[in-house]
2 protein chains.
Amino acid sequence: MTSTMQHVPLGIRRLLEHAVTVYADQKLFTAQPGGDLTEATFAETGANAARLAHALVELGVGQGDRVATLMWNNQEHVEAYYAVPAMGAVLHPLNLRLPGEQIAFVANHAEDKVVIVDHTLLAPVSALLPALKTIEHVIVNSPAGADTDLAAVSAAAGREIGVHDYAQLIAGRPGEFDWPETDENAAAAMCYTSGTTGDPKGVVYSHRSIFLHSMAAVGPAMMGLSQSDRVLAIVPQFHVLAWGLPYIAFYSGVELVLPGPFLQPEPLARMIEKTRLNRASGVPTIWQGLLAHLEANPDIDVSSLKEAVVGGSACPPALMEAYDRLGITLLHAYGMTETSPMVTVARPPAGLTPEQAWPYRLTQGRFVANVAARLVGADGSVLPWDGVSAGELELRGPWIAGGYYGVDDEDKFHDGWLRTGDVGHISPEGYLTLTDRAKDVIKSGGEWISSVQLENLLMAHPAVAEASVIGVPDERWGERPLALVVPRSGAEVSFIELREFLADKIARWQVPERWAVISEVPKTSVGKFDKKRLREQYALGELEPELVSSH
Amino acid sequence: MTSTMQHVPLGIRRLLEHAVTVYADQKLFTAQPGGDLTEATFAETGANAARLAHALVELGVGQGDRVATLMWNNQEHVEAYYAVPAMGAVLHPLNLRLPGEQIAFVANHAEDKVVIVDHTLLAPVSALLPALKTIEHVIVNSPAGADTDLAAVSAAAGREIGVHDYAQLIAGRPGEFDWPETDENAAAAMCYTSGTTGDPKGVVYSHRSIFLHSMAAVGPAMMGLSQSDRVLAIVPQFHVLAWGLPYIAFYSGVELVLPGPFLQPEPLARMIEKTRLNRASGVPTIWQGLLAHLEANPDIDVSSLKEAVVGGSACPPALMEAYDRLGITLLHAYGMTETSPMVTVARPPAGLTPEQAWPYRLTQGRFVANVAARLVGADGSVLPWDGVSAGELELRGPWIAGGYYGVDDEDKFHDGWLRTGDVGHISPEGYLTLTDRAKDVIKSGGEWISSVQLENLLMAHPAVAEASVIGVPDERWGERPLALVVPRSGAEVSFIELREFLADKIARWQVPERWAVISEVPKTSVGKFDKKRLREQYALGELEPELVSSH
């Protein structure tokens, strides 16, 4: 029996139509040099999106063609977010923080036809243009009165391409467009993962996935946003579509403050003060930097800001406490490029005191209804949600990737589930706690040992400055932990004592037998422990572990 | 270009799986005789749904088969809401307030195979059974210890049918079920309209429409519900699926208080006081009755209740003001059986004073993003959202009906839009104000005249007790208004004076020329002006209008 409901696809077009009618007067703010903010209504932004779509049609952009952006968070970038998918093409925000050769790899892999570039990024893009083999048109987003040398861009390409000024290109075109009714499973936008190993891989979002993600994200269990809120979108539009905020805005009417390239504490604090915004989103590093600035400048009024969603990596509890004292709740959320991104938000259950709520706030959060989750153990079995059993998190849902663009990766996707590569446990109430990346977990005799837990315990010992734990091959157990310890300056470390220190706190079989002292833990470019480097050093025989056993 | 997202259908099954894991400990409360409430967790309710599904399979219920309910709002009814669609069958709640012959018509039209009945409703159902030709099994929901005579039900049918006790039927079966992955466009549930003309017509909701409606309804712009809320679901489960609340609950974790048959002010007030619930839903009549009770019993503590969504018909402003004084916000919402039902909710824009917000609260509300709306004028043109232009409201969206079950109704659906039969205007901010039913609007020379507006203006005249206006045929204009006036006791009415009274307030061409005095306006069974009867009286020559023209 089929239903009698209308067959209406979920689409970016509907978000746009809704915003320019029901939320016509809501506003986008874009930060400008010198600290001013420009304003545009949703109606104006939507009309410009229509103008851009007309221009793109004239440039030869057709159904399914990729239109790249290399832009900060700003109004014109939001216009592209709507024009490109609503006309049936595919938006591809390029990560401007990647090295040039990776940007070129990604743009060529996606076969981007057009790229829209902020004028401040024009120099690096011009240098890259000869390598961007599929680009036929460059559209430069310059402020009014900027004297951008478009001919120089053309010359830099070394081949015939079109170079256009954004404002001139869209000027005078109709502010309405006869948007096609696109299949909801068609591609709307794509982002590449900046994977630490191998080439970046493309995730292609559909109209359906973006629409559903927006609907869920506004719910009180997730971001809880409506037309009475104003959000500082610190997370870049080139990073998982700014966690969906430009789409969430047009669904819900929530106003956006877009910081452009001004992501330093001082201009961010000024934006909060000026726009009296009440919500924000960003990675922990941003909040760490802003905190120092706010503490040094207590006269800055950020009292309007009540809550900020923090994702990307775990937020230090001390940072959350510091913001609590400012009346700002930092709220953990979990997701990744492959998950659109929102999967969990750490809102505590109702009716708890702040003390009771605290442990819930430290988790990655509770799952949203659309996304099914399971934990898969070392032996492939599905584990219970008992708050203890640790396994790799696997996800299934309409905004979860089922593959990469043009690449087979059977290891990442199986049975219709995404393997996240994250290891952790889930409480009976559905709160996720992540402990490790799967590749850093030590698989010992069919059980998993958390390297992160061992590291944190060791670093709590007074004689230890830093500690890192990696898995090394073991004939009997498959793998066993190797503990690498940096002693505190002037301190002596005794491996026997450290083993006893651990034995009080974890299961006996999890305590490492292999130990070594090192002078420092190697770090990645973003300051994380570089375990890949440690594993290489071990393989090269550069680490000489001592075997310590108990009596 | 297709996306790389997983293909995961939206389904009732996912709502159920989510509730029994993430919201396992949330509760449903069901009112019992004597004022007590029983409690069940979502996990228990979900396990019973699985047990019921096993039982229904045994009774021969297969994919697409219809399972009817004739039940008040209670836990077992929620169990059926999940068991039936999640197993791939179709839930059909029967409206127990309809006359027996209409219930029989509807059950036969839907070809219901099984009916689940509350034991308090068993007498009327037994009497109907011979007419319920497709019913093969009756399942009786009796309280523990009730001595229900199942053999008598069997005998009443006059043919061989199965009769079962609900609790006994599900007892001992597994609390888990291997739910199928159903196509999201498949039928999940159906409700019939209780149309004032013609036979009731069936609206068949899909898994997709119910899921999307739940997602949207929890948003802060709509109901704004989460696991920290507890809702009194006064609107019956046989009426547009209780506005979706049983599904919204499992999506969001919101707790439900189910009043059973106890819809009188006294038990409702007691439920609020006992469960400290904070939200509610119901038609204006319920709130009117409850208000009188609360005013007469100021010791009843309903301070926990903050907001109630009111739909079904417009709420008198005085009632809203009275509840404002109690700290309870009555919130208009608009929808109908054909719209799942939620389309608009009257939340004012942000940042207004109560005085500024008041006019917004009196509208039917603002549209949700999933539903496109248009106003179509008398001449078929689409009208602007200017807060003045009046047309028939047409709707398009994934939870809006595109047809009726097994019946062609081309007049109701055209171009992929639902014609709501409601006439009104929409403000530039997307707030809907309804003024008339389309059938009561007077089509005069290609323009529409609102009969309701004329009636309200006339009834504001001191000499007029009641007034009703109907459209009557006119050679030149197609239709013209006929004003029927009931004078206030002892007052004289002058039609010339009434015309002048109107001419100050509306366009000259809208003022009626045809007038008659009547002794009273005939009323329908629910107290509305019976314009159908007035039109019949006019056609029979029983009304003799006087022609009054201006000088």
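Are E307(B) and R347(B) buried or exposed?

Reply: Both E307(B) and R347(B) are buried (buried is under 20% relative accessible area, exposed is over 50%, and partly exposed is in between, using a 1.4 Å probe on protein chains only). Before we go on, this is a predicted model, so local features need pLDDT of at least 70 and side-chain atom pairs count only at pLDDT 80 or more, while totals for chains, interfaces and linings use all residues. Residues are numbered from 1 along each chain as its sequence is written, chains are lettered from A and ligands numbered from 1 in the order written, and side-chain values use heavy atoms, leaving out hydrogens and water.

Back to your pair: E307(B) and R347(B) form a salt bridge, with their closest N and O atoms 2.7 Å apart (that is, a side-chain nitrogen of Lys or Arg within 4 Å of a carboxyl oxygen of Asp or Glu). The pair links distant parts of the chain, 40 residues apart: E307(B) is in strand β13 of chain B, and R347(B) is in the loop between β15 and α14 of chain B (helices, H or I with at least four residues, and strands, E with at least two, are DSSP runs numbered from the N terminus).

Over all chains, the structure holds 62 salt bridges. Another one joins R361(A) to D324(A), at 2.9 Å from N to O. R361(A) lies in helix α14 of chain A and D324(A) in helix α13 of chain A, so this bridge ties together parts that are 37 residues apart in sequence. R361(A) counts as buried because its relative accessibility is 11%, and D324(A) counts as partly exposed because its value is 31%.

Now to the meeting of the chains. Between chain B and chain A there are 4 salt bridges. In one salt bridge, R208(B) pairs with E184(A), the closest N and O atoms being 2.7 Å apart. This pair crosses from helix α8 of chain B to the loop between α7 and β8 of chain A, and both R208(B) and E184(A) are buried. E181(A) also forms a salt bridge with R396(B), with 2.9 Å between the closest N and O atoms.

The contact itself takes 72 residues from chain B and 73 from chain A (contact means heavy atoms within 4.5 Å). About 5,300 Å² is buried between the two chains, and carbon and sulfur atoms give 58% of that (buried area is the accessible area, with a 1.4 Å probe, that two parts lose on being put together, summed over both). In chain B, M1(B), M5(B) and Q6(B) lose the most area to chain A, together 16% of what that side buries.

Across this interface, 38 residue pairs are in polar contact, both at pLDDT 80 or more (a pair of N or O atoms within 3.5 Å; within protein, one must be able to donate a hydrogen and the other to accept it, and residues adjacent in sequence count only if both atoms are side-chain atoms). Elements of chain B that each supply at least two residues to the side touching chain A include α1, β8 and β21. The largest share, 6 residues, comes from α8(B).

R66(A) is buried, with a relative accessible area of 12%. Its side chain makes a polar contact with the side chain of Y405(A) at 3.4 Å. Among the residues that R66(A) touches are V90(A), M190(A) and, from the other chain, M1(B).

Definitions and conventions:
Lists of a residue's contacts leave out its neighbours within four places in sequence.
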